[in-house]
Amino acid sequence: MKRLVNKRQIYLKEYYKRPEVIERRQKYIEEHKEQIEEYKRKYYIENKERITKRNNEYVRENRKRINEYKKRWVRENKDKRKISIKEYESSERGRFVRLKVNHNRRYNKNLEHNFTLEEWNDKITKTGGYCPICKNRFVNEGNGKWKLTIDHNPPVSKVTKGFVYGIENVEPICKSCNQKKGYKEGEVLLK
Ligand SMILES: [Zn+2]
């Protein structure tokens, strides 16, 4: 029985090495990209706890090795790293993170923005590009180059340190209205 299993395993191993099988497999992956992504996403959501636990354990047990690997990678990929940082910063997610962090730098209040890029994008989409204050239309350039900026309610200048802004506390308004509003502290908001 055991020999039979081994034979089968060996056969399968060889089978998956055949060029036509590899090609068929790649074609299948190519044609079912969306289903595969969907499956992976579902799998991750269903097994999130287990995956996180396993990952954390792995990091804990291999911290030294991981740190050494990171250091070596940085040393050997200096240029690549520069490019990837640049790429990240100009990506939609990078801009979104900066949008949250910029206020902290300016006001030094350790504000927290407790909403996701998807929720923010959803708000922008709902405006149809129109600034709710001046009613001018601003077309989104894509890739996170929002023409509409973030308006905080209550204003950043009024809140105490560590205030948490949820998605219900922020509104997309145009840059010019946001700047005007900044000078007059909220007076222009309900025009
Ligand atoms: Zn405006």
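Visitor: How far does helix H6 reach from its first C-alpha to its last?
Guide: H6 covers residues 78–89, which is 12 residues, and reaches 17 Å. That is close to the 16 Å expected at 1.5 Å a residue. The expected span is 1.5 Å times one less than the number of residues. Helices here are DSSP runs of H or I with at least four residues, strands are runs of E with at least two, and both are numbered from the N terminus.

Visitor: Before I go on, what kind of model is this?
Guide: This is a predicted model: local features need pLDDT of at least 70, side-chain atom pairs count only at pLDDT 80 or more, and totals for chains, interfaces and linings use all residues. Residues are numbered from 1 along each chain as its sequence is written.

Visitor: Back to H6. How many of its residues are buried?
Guide: The count is 0 among its 12 residues, so H6 is hardly covered. Buried means 20 or more other C-beta atoms within 10 Å of the residue's own; exposed means 12 or fewer; partly exposed is in between, with C-beta atoms placed from the backbone.

Visitor: And what about H3, span and burial?
Guide: Helix H3 is residues 33–46, with 14 residues. At 1.5 Å a residue it should span 20 Å, and its end C-alpha atoms are 20 Å apart, which agrees. The number buried is 0, so H3 lies largely in the open.

Visitor: What percentage of the chain's residues count as buried?
Guide: Of the 191 residues in the protein chain, 8%.

Visitor: What's the secondary structure count?
Guide: The protein chain has 9 helices and 4 strands. Along the sequence the pattern is α-α-α-α-α-α-α-β-α-β-β-β-α.

Visitor: Which strand does E2 pair with, and in what sense?
Guide: E2 pairs with E4, residues 170–174, in the antiparallel sense over 5 bridges. Strands count as paired if DSSP finds at least two bridges between them. Isoleucine 150 has proline 172 in E4 as its bridge partner.

Visitor: Which residues make up the largest nonpolar core?
Guide: There are 6: Cys131, Phe138, Leu148, Ile173, Cys174 and Cys177. A nonpolar core is a set of buried Ala, Val, Leu, Ile, Met, Phe, Trp, Tyr and Cys residues joined through C-beta atoms within 7 Å.

Visitor: What does isoleucine 173 contact?
Guide: Leaving aside neighbours within four places in sequence, its contacts are Cys131, Pro132, Ile133, Leu148, Thr149, Asp151 and Asn178. A contact means C-beta atoms, placed from the backbone, within 7 Å.

Visitor: Where is threonine 127, and what does it touch?
Guide: Threonine 127 is in helix H8. It touches Pro132, Leu148 and Pro172, not counting residues up to four places away in sequence. With 17 other C-beta atoms within 10 Å, threonine 127 is partly exposed. Its C-alpha is separated by 9.1 Å from that of isoleucine 173, 46 residues apart along the chain.

Visitor: Last topic, confidence. Which element has the lowest mean pLDDT?
Guide: Helix H9 (residues 175–184) has the lowest at 71, and helix H2 (residues 19–31) has the highest at 93. Over residues 183–191 the pLDDT is below 50, and beyond near neighbours in sequence this stretch has 11 contacts in the model. pLDDT is the predictor's confidence in each residue, from 0 to 100.

Methods
Two residues are in contact if their C-beta atoms, placed from the backbone, lie within 7 Å.
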